[in-house]
Amino acid sequence: MEKIAKNMTVSPPTIPLEKIPQHIAMIMDGNGRWALQRGLPRLAGHKAGTENLRRIIRSTVEFGVKYLTIYAFSTENWGRPPEEVKGLMLILQDVIDHELNELHKEGVQLRHIGRLEGLDPRIQKKVLKAIDLTKNNDRLILNVAFNYSGRDEIVYAIQKIIKAGIPAEDVTDEMVNKYLFTAGVPDPDLIIR
């Protein structure tokens, strides 16, 4: 029996296609608390969250989810202790350095939502390189919200509308959607925190 079990492969369960969410959004929250509860530094929790994220991305690809949005670092996170912020920035760089080729090979298209200009120029360069490398992939669209907040996204959209010279009376819901960081991406079907 043991010999048979070693040679078996487990396939994902068959789920009717109409039941698979097209877009899943995940708010990464609680990693620091998880680590503290185990007597570990908060950054150990953030690193563990990154490891878990690898399995999540693989599963969404296998199940045919088309969009995955990860809320990884909000604009409010800049108020965390400087060492934690620095560690989170290093984790982001490490993930890009070590996971980008595998994500590209799996057909994942990386997108950034948020403001890149608030990040260190070296990180900006790595993010832009990752976006460019994967821009033609279409198996999974992975939106990484880094230096992002919903309110800032609205402010950004309004600023762009004003710069475009669009009169207030011409602003519609559809127009605002075109100016959001998430333009062209359907609203999430499932949000997990």
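Before we start, one definition: when I say strand, I mean a DSSP run of E with at least two residues, and strands are numbered from the N terminus. With that in hand, hello everyone, and please keep in mind that this is a predicted model.

Five strands make up an open sheet, in the order 3-4-2-1-5, and their pairing is parallel. Which strands stand at the edges? They are strand 3, residues 108–113, and strand 5, residues 190–192; each has a single partner strand, so one side of each has no neighbour in the sheet. Going from one strand to the next, the twist averages 20 degrees.

Strand 1, residues 23–27, runs parallel to strand 2, residues 67–74, and five bridges join them. If you want a spot to look at, find His23, whose bridge partner in strand 2 is Tyr67. Over at strand 3, six bridges connect to strand 4, again in the parallel sense. There, Val108 has Leu140 of strand 4 as its bridge partner. Strand 3 is an edge strand, yet it is mostly covered, with five of its six residues buried.

Val108 also takes us to the next topic, the core. The largest nonpolar core holds 27 residues, and Val108 is among those with the most contacts inside it, along with Ile57, Leu68, Met89, Leu110 and Leu142. Several elements each supply at least two of its residues: strands 1, 2, 3 and 4, plus helix 3 (42–63), helix 4 (82–105) and helix 5 (121–134). Which of these gives the largest share? That is helix 4, with seven residues.

Let's stay with Met89 for a moment. Setting aside its neighbours within four places in sequence, Met89 touches Phe73, Trp78, Leu119, Ile123 and Phe146. Two of those names come back when we turn to the rings.

There are five aromatic pairs in the structure. Trp78, at 37%, is partly exposed. Elsewhere, ring pairs link Tyr71, Tyr148, Tyr156 and Phe181 into a cluster.

On to helix 6, residues 150–163. What span should its 14 residues have? At 1.5 Å a residue we expect 20 Å, and the end C-alpha atoms are 20 Å apart, so the two agree. Its buried residues are Asp152, Glu153, Ala157 and Ile161, and these pack against strand 4 and helix 7, residues 173–179. After helix 6 comes Gly165, with a positive phi near 75 degrees.

In general, most residues other than glycine have a negative phi. Asn147 has a positive one, near 65 degrees, and is not a glycine. Where does Asn147 sit? Its place is in strand 4, which is why I opened with what a strand is. Asn147 is also buried, because its relative accessible area is 7% and the cut-off is under 20%.

Methods:
Residues are numbered from 1 along each chain as its sequence is written. This is a predicted model: local features need pLDDT of at least 70, side-chain atom pairs count only at pLDDT 80 or more; totals for chains, interfaces and linings use all residues. Side-chain values use heavy atoms; hydrogens and water are left out. Two strands pair if DSSP finds at least two bridges between them. Helices (H or I, at least four residues) and strands (E, at least two) are DSSP runs, numbered from the N terminus. Axes are lines fitted to C-alpha atoms, for helices over the stretch in contact, and angles run from 0 to 180 degrees between N-to-C directions. A nonpolar core is a set of buried Ala, Val, Leu, Ile, Met, Phe, Trp, Tyr and Cys residues joined through side-chain atoms within 4.5 Å. Buried means under 20% relative accessible area, exposed over 50%, partly exposed in between (1.4 Å probe, protein chains only). Contact means heavy atoms within 4.5 Å. Rings of Phe, Tyr and Trp (its six-membered ring) pair if their centres lie within 6.5 Å; planes under 30 degrees apart count as stacked, over 60 as edge-to-face and the rest as tilted. The expected span of a helix is 1.5 Å times one less than its number of residues.
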